[in-house]
Amino acid sequence: MASLFEAHPAEIRLLDAGAGAGALSAALVKRLGRDKHRPKGIAVTAYEIDREIHPALERTLESCRAECGRAGIEFSATLHGEDFIEAAVSLVRGDLFGASKRLFNAAILNPPYRKINSDSRTRRLLREAGIETSNLYTGFLALAAKLLCENGEMVAICPRSFCNGPYFKPFREQLLDTMSLRQIHVFESRSAAFQQDEVLQENIILHAVKSPEKPQSVIISTSSGARGGEIEERACPYADVVSPSDHERFIHLVTRESDEVVRLKVARFTTPLTKLGLEVSTGRVVDFRAKQFLVYEAQDDTAPLIYPCHLDGGFVHWPKPGGRKPNAIRVTEQTQELLVPRAIYVLVKRFTSKEERRRVVACIYDPQRISANVSASKTI
Ligand SMILES: C[S@@+](CC[C@H](N)C(=O)[O-])C[C@H]1O[C@@H](n2cnc3c(N)ncnc32)[C@H](O)[C@@H]1O
């Protein structure tokens, strides 16, 4: 992440929001200390709400000071123990009323991830700063972007979930309107980057520059996520990563030539599904929440419950007696909203087991082949 910063300002004013023990700031200071174009000064502003980590963070900042001393770079550090959202919103609000508070020309982040409830104080605060988002990490990124000066750089490691989907659209609009993407690094493995923390997230590293001007291309790079793993890079036209005609502002991360073939094929389908009379949804049943209603064998008061194991050779084969998964769900008042009417459905599963040749498998739920009036499908 430290290696991605490109500009060489004489004074680096670095924001590290959610600094933890300061690993990211330390990495950048180390790199800059050895750089050909060494800065004159580095000023780190770290926000870390967890006071228990402060001693470790202070030690890291002290070693940054020593490192800078050896390299002849002036160093200063400010550690804030308050909520970054709270602090940054008041800075941004100050900005709206005139005083320019675009303090930073660099931001390095590994923000916390958490859903923000729509009626929470955090959500209200973000709204006051003109940010509409439902996750803490996008709140951090949006605020960091607002606190950057023109041509300031941001490098962040975060989930890739913001790249598509309707919930993140306001965030994408804001990000893409104010920042210009330079590189996105995709980790192939969901678990490798945060192995010790058991975080099962698809993570990316984002490098963006605060500028309305977009470059010709964006580097999309990829590696397994294992330490020292090989990195492959592709320079993708900016318009292929974010199509200028796409109102959703999806960010396409095509890491391989073979994926590009798929992207081009999918791009040919220009008609929205709603116009074709098709609706898409995830399965309604979250099985561990509906445990008391699940049964292994269908009975008179149950509906078929479809798991990936029922998808086979283009059709849903139900029931699957003797399997590990329940075959049915009780039809009661509490389960009504989990059921769907008897009709033709196409079920798609995207998490495939090792023996499956394809990553995405689609099968038809044909009510002629299954005797039931309603049915339910697990989230797959
Ligand atoms: C994913 S960790 C990253 C730590 C560090 N940057 C690193 O990469 O090792 C996120 C950090 O943000 C801190 N944090 C969470 N919510 C915060 C908030 N509202 N304001 C400031 N820090 C926060 C957490 O305590 C945690 O240390």
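This is a predicted model: local features need pLDDT of at least 70, side-chain atom pairs count only at pLDDT 80 or more; totals for chains, interfaces and linings use all residues.
Residues are numbered from 1 along each chain as its sequence is written, and local features were taken into account only at pLDDT of at least 70, side-chain atom pairs only at pLDDT 80 or more, whereas totals for chains, interfaces and linings use all residues. Side-chain values rest on heavy atoms, with hydrogens and water left out.

Helices (H or I, at least four residues) and strands (E, at least two) are DSSP runs numbered from the N terminus, and a residue is termed buried under 20% relative accessible area, exposed over 50% and partly exposed in between, for a 1.4 Å probe and protein chains only. In helix 1, which spans residues 23-33, the buried residues are L24, S25, L28, V29, L32 and G33. Viewed down the helix axis, these buried residues fall within an arc of 165°, so they line one face of helix 1; the arc is that of the directions from the helix axis to the C-beta atoms. The buried residues of helix 1 pack against strand 1 (11-17), strand 2 (41-47), helix 2 (54-71), strand 3 (74-80) and strand 4 (104-109), contact being defined as heavy atoms within 4.5 Å.

Strand 4 has six of its six residues buried, so it is largely enclosed by the rest of the structure. Strands are regarded as paired if DSSP finds at least two bridges between them. Strand 4 runs parallel to strand 1, to which two bridges join it, and the bridge partner of L15 in strand 4 is A107. Strand 4 also runs parallel to strand 5 (residues 148-159), with five bridges between them, and here A106 stands opposite E153 of strand 5.

Seven aromatic pairs were found, a pair being rings of Phe, Tyr or Trp (its six-membered ring) with centres within 6.5 Å, and planes under 30 degrees apart counting as stacked, over 60 as edge-to-face and the rest as tilted. F162 and F171 form an edge-to-face pair, at 5.6 Å centre to centre and with 90° between the planes; F162 is buried at a relative accessible area of 0%, and F171 is buried at 2%. The rings of Y345 and Y365 have centres 6.1 Å apart and planes at 70°, so this pair is edge-to-face. Because Y345 lies in strand 16 (residues 345-349) and Y365 in strand 17 (residues 361-365), the pair ties together parts that are 20 residues apart in sequence. Y113, Y137, F162, F168 and F171 form one aromatic cluster.

A salt bridge is taken as a side-chain nitrogen of Lys or Arg within 4 Å of a carboxyl oxygen of Asp or Glu, and by this rule the count comes to 15. R263 and E260 form a salt bridge at 3.0 Å, N to O; both lie in helix 8 (residues 257-267), three residues apart, about one turn of the helix, and both are buried. R369 forms a salt bridge with D366, the closest N and O atoms being 3.8 Å apart, and the charged end of R369 also sits over the ring of F315, 3.5 Å from its centre, the criterion being NZ of Lys or CZ of Arg within 6 Å of the ring centre and within 35 degrees of the ring normal.
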